Amino acid sequence: FFFQAEDGIRDIGVTGVQTCALPISAPAIQEDFEIVWGGCMHHARRNFVLAADDDFINCNNVRMLFDATAMYERRLTDVGRRKENVLAVREKITGPLWEVIRLQCVALAERWSKGTPVGKAARFVISHFDKLTVHTKHEHMPDNNTLSERMLRPEKLMHNASLFRWSIDGRAAWNIVRGIYQTCSLVGVDFRAYLRHLLVARPEDVAANPDAFTPLAFSRLPKS
């Protein structure tokens, strides 16, 4: 998203998880934000892995080009992401790599029909190329949404299993459970282990010292 502030354009990175909670189609949102959609590099790469049995050499060549772009993105994370170095790497290195990927896909699309796995993989890149490469122009935008999808999966499973959420009280209870789950994820503890720890505690102990029974406190307990 790009927010029009009084002192100019202010860019804001928004993950897929956050996006699901934003009413991006609302007129008020569209008045203040320019919505930029990006594609997921991992989705494009996966198609070539699945199609490798039909044309191993060419599919593997494209896959290695994807891996090269990912390597530079990981390296940026290692050294520290700043606007200047992110945009420089994407303009001078990964941007040209993406153009090589596109040219390879054009050649494959001419050789393989759209009904074949290789042809579908190549045409996916060609037809979605602008969205797949939009991150090269915006330093806050990642090249994939894998983390967002992984975070969304347990949320979606919990959502589908929580039929009680349709009532007001049920929705409040569901939001509490979601908050506990995400807090456990944040501090790196197993959600089920934390619940077992909490449920066997005496209610009067929890009421007397609630800070001692948070997920963070649980993460600091000696491991048995």
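**Exercise 1. Identify the residues that Thr-94 touches, leaving aside residues up to four places away in sequence, and classify Thr-94 as buried or exposed.**

Solution. The model is a predicted one.
Step 1: beyond its sequence neighbours up to four places away, Thr-94 touches Thr-69, Tyr-72, Val-89 and Thr-136.
Step 2: Thr-94 belongs to helix α5, which spans residues 83-111.
Step 3: the relative accessible area of Thr-94 is 1%. Buried means under 20%, and Thr-94 is therefore buried.

**Exercise 2. Determine the relative orientation of α3 and α4, and describe their contact.**

Solution. 
Step 1: the axes of α3 (residues 41-50) and α4 (residues 56-79) come within 9 Å and cross at roughly 155°.
Step 2: angles over 145 degrees count as roughly antiparallel; α3 and α4 are therefore roughly antiparallel to each other.
Step 3: the crossing of α3 past α4 is left-handed.
Step 4: α3 contributes Met-41, Ala-44, Arg-45, Phe-48 and Val-49, which meet Cys-59, Val-62, Arg-63, Phe-66, Asp-67, Thr-69 and Ala-70 of α4. By class, this contact comprises 8 nonpolar, 1 polar and 3 charged residues.

**Exercise 3. Carry out the analysis for α8 and α9.**

Solution. 
Step 1: the axes of α8 (residues 146-161) and α9 (residues 168-187) come within 11 Å, with a crossing angle of roughly 150°.
Step 2: this angle makes α8 roughly antiparallel to α9.
Step 3: α8 passes α9 in a right-handed crossing.
Step 4: on the α8 side the contact is made by Met-151, Pro-154, Glu-155, Met-158 and His-159, and on the α9 side by Arg-171, Trp-174, Val-177, Arg-178, Tyr-181 and Gln-182. The classes represented are 6 nonpolar, 2 polar and 3 charged residues.

**Exercise 4. Summarise the chain as a whole: how many helices and strands are there, and what percentage of the residues count as buried?**

Solution. 
Step 1: the chain has 12 helices and 3 strands.
Step 2: 31% of its 224 residues count as buried.
Step 3: the chain exposes about 14,600 Å², of which carbon and sulfur atoms supply 59%.

Terms used:
Residues are numbered from 1 along each chain as its sequence is written. This is a predicted model: local features need pLDDT of at least 70, side-chain atom pairs count only at pLDDT 80 or more; totals for chains, interfaces and linings use all residues. Side-chain values use heavy atoms; hydrogens and water are left out. Axes are lines fitted to C-alpha atoms, for helices over the stretch in contact, and angles run from 0 to 180 degrees between N-to-C directions. Helices (H or I, at least four residues) and strands (E, at least two) are DSSP runs, numbered from the N terminus. Angles under 35 degrees count as roughly parallel, over 145 as roughly antiparallel, 65 to 115 as roughly perpendicular and the rest as oblique. A crossing is left-handed if the near helix is turned anticlockwise from the far one by less than a right angle, and right-handed if clockwise. Contact means heavy atoms within 4.5 Å. Ala, Val, Leu, Ile, Met, Phe, Trp, Tyr, Cys and Pro count as nonpolar, Asp, Glu, Lys and Arg as charged, and the others, Gly among them, as polar. Buried means under 20% relative accessible area, exposed over 50%, partly exposed in between (1.4 Å probe, protein chains only). Accessible areas come from the Shrake-Rupley method with a 1.4 Å probe; for residues, only the protein chains shown count as cover.
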